[in-house]
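Here's a quick tour of a protein's inside. Take a look at the structure below, then read on.

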Amino acid sequence: MEELGVIEHMAYARIGLLGNPSDVYYGNTISFTLGNFCASVKLEPSEHLVIRPHPFHDLVHFNSLDHLVNRLKSEGYYGGVRLLMATCKVFHNYCKENKIELHGGNFTLSYDTNIPRQMGLSGSSAIVCAALSCLLDFYKVRHLIKVEVRPTLVLNAEKELGIVAGLQDRVAQVYGGLVFMDFSKEHMDKLGHGIYVPMDISLLPPLYLIYAENPSDSGKVHSTVRQRWLDGDEFIRSSMVEVASLAVEGRKALLAKDYQTLAALMNRNFDLRRGMFGDDVLGALNIEMVEVARRVGAASKFTGSGGAVVVFCPDGPSQVAVLEVACKEAGFVIQPVEIIPSRLNDVDLQTLSSD
């Protein structure tokens, strides 16, 4: 085999701007990649196939029993090794099922990330997305696996580990930039994926990220609502249809740069989520992050399932200054959102479907 060099890819955190969580209910969403936080995966050719634990995130050396227990309380049992392994398995199986030949040769996979856990910024899927890109390049099959299919592979790797989620985050991270997504049942049944439409990131107004130092667990949020939706609960069904419609209206508002409408849609998105899930599920701290922005007249909603909030200040810098003071008093961190453009290359673009 020809010696291949070191391959490294990054994937960024994402913000669900509108329509979430309707991606798992045949809805529509708008999301974008957030440059403030990212994960990176490095692939190096090696004699044996090695998944290298991260010195911090996969910690197995402790100073004491108290250190171990406190660590588990704050970080849980899960690092990134399992994500890399699951990515390899799903990638291998997909290639085998689709008769995509993979050359011989082994590699060592390692990763790093600064995406905070349990903030609803899709830290796990970022690691998987970056790892998948490394495998595509190592085996030289990027041109054989369509961009539209890759978010499903990322999601399948997470499903291997019991992670409950939808496609929205993985689409945003695979495509990069700002993306409108249509997950209608017709598309999902016919194509096996949604219709994903990249948008110009310059359409977005200045946005801000608010988060708490001790965020909630984003993994609990979908549970009861999902079952009620499956049971045909009329309130949940109609609310989810409206949530999905917010992304459609939001796309129109962004294209027209109608930011007053965007602000109203963001607020409505959170109100609908709150009505469906209830305050006990969302958590007082998460609700307060939204409310601290609303009290100064800003629009706000969760970036995902809780733990962080995306904010738009329609009145500009003076309103931002007031919000910064309010966040400091409440003990929240606030920072400007850095929006990352699409990272698809020419080979990726050639795989895109025309439908």
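Which residues does Ile210 touch, not counting residues up to four places away in sequence? They are Met289, Val292, Ala293, Ala308, Val309, Val311, Leu323, Cys327, Phe332, Val333 and Ile334, where contact means heavy atoms within 4.5 Å.

Before the details, some ground rules. This is a predicted model, where local features need pLDDT of at least 70 and side-chain atom pairs count only at pLDDT 80 or more, while totals for chains, interfaces and linings use all residues. Residues are numbered from 1 along each chain as its sequence is written, and side-chain values use heavy atoms, with hydrogens and water left out.

**The core**

- Leu17 and Ile210 touch the most other members of the largest nonpolar core, which has 113 residues.
- A nonpolar core here is a set of buried Ala, Val, Leu, Ile, Met, Phe, Trp, Tyr and Cys residues joined through side-chain atoms within 4.5 Å.
- Buried means under 20% relative accessible area, exposed over 50%, and partly exposed in between, using a 1.4 Å probe and protein chains only.
- Helices (H or I, at least four residues) and strands (E, at least two) are DSSP runs, numbered from the N terminus.
- In soluble globular proteins, nonpolar side chains tend to be buried together.

**Cysteines**

- You'll find zero disulfides in the structure, a disulfide being a pair of cysteine sulfur atoms within 2.5 Å.
- Cys134 is in no disulfide, and the nearest cysteine sulfur, that of Cys88, is 10.0 Å away.
- Cys134 counts as buried because its relative accessibility is 0%.
- Cys313 is in no disulfide either, with the nearest cysteine sulfur, that of Cys327, 8.9 Å away.
- Cys313 counts as buried too, because its relative accessibility is 7%.

**The cavity lining**

- Thr87, Val90, Phe91, Val128, Leu132, Leu153, Val154 and Ala157 line the largest cavity, meaning they have an atom within 4 Å of a point on a 1 Å grid over the protein atoms alone where a 1.4 Å probe fits but cannot get out.
- Helices α2 (81-97), α3 and α4 (150-159) each supply at least two residues of that lining.

**Ser40**

- Look for Ser40 in strand β2 (residues 28-46).
- Ser40 counts as buried because its relative accessibility is 15%.
- Leaving aside its neighbours within four places in sequence, Ser40 is in contact with Glu8, His9, Met10, Ser110, Tyr111 and Asp112.

Key:
1 Å grid on protein atoms, 1.4 Å probe; cavity = no way out; pocket = protein on both sides within 12 Å on 5 of 7 lines; lining within 4 Å.
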